[in-house]
Amino acid sequence: MKKIEAIIKPFKLDDVREALSEIGITGMTTTEVKGFGRQKGHTELYRGAEYVIDFLPKLKIELVVKNDQLDRCIEAITKAARTGKIGDGKIFVSSIERVIRIRTGEQGEEAI
């Protein structure tokens, strides 16, 4: 099993969710996050004072998938989240050793 963590632009969430649903992914977790990378930040004017906004709002999507679903998930997220502009985000993949569904006690792939 693999864990996919994707950092995307907030307005792309619905597109990514729909793309994942189309390939049979039924669950994910999202978190509002802030960060910066090559996109850097920008300046804003508030009550006559200029402020530098270093950390930009992003969304972090987390999902655990079977090994054979990994490439399709990465492709779906990439296509749905891409705008072609700097700051589109990143995808991280890591291995998961164990999954347990709390309600039923199911373990492994049955618990996904």
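1. A salt bridge here is a side-chain nitrogen of Lys or Arg within 4 Å of a carboxyl oxygen of Asp or Glu. Applied to this predicted model, that rule gives a count of six salt bridges.

2. Start with Lys 3 and Glu 62, which form a salt bridge with their closest N and O atoms 3.0 Å apart. Lys 3 sits in strand S1 (residues 2–8) and Glu 62 in strand S5 (residues 56–65), so this pair ties together parts that are 59 residues apart in sequence. Lys 3 has a relative accessibility of 23%, so it counts as partly exposed; the cut-off for buried is under 20%.

3. Next, have a look at helix H2 (residues 70–81), which holds both Glu 75 and Lys 79. Their side chains meet in a salt bridge, with 3.1 Å from N to O. The two residues are four apart in the helix, so about one helical turn separates them. How exposed is each partner? Glu 75 is partly exposed, at 43% relative accessible area, while Lys 79 is exposed, with a relative accessibility of 60%.

4. The last pair I would point you to is Arg 101 with Glu 106, a salt bridge whose closest N and O atoms are 2.8 Å apart. Arg 101 is partly exposed at 27% relative accessibility, and Glu 106 is partly exposed too, with a relative accessible area of 33%.

Definitions and conventions:
Residues are numbered from 1 along each chain as its sequence is written. This is a predicted model: local features need pLDDT of at least 70, side-chain atom pairs count only at pLDDT 80 or more; totals for chains, interfaces and linings use all residues. Side-chain values use heavy atoms; hydrogens and water are left out. Buried means under 20% relative accessible area, exposed over 50%, partly exposed in between (1.4 Å probe, protein chains only).
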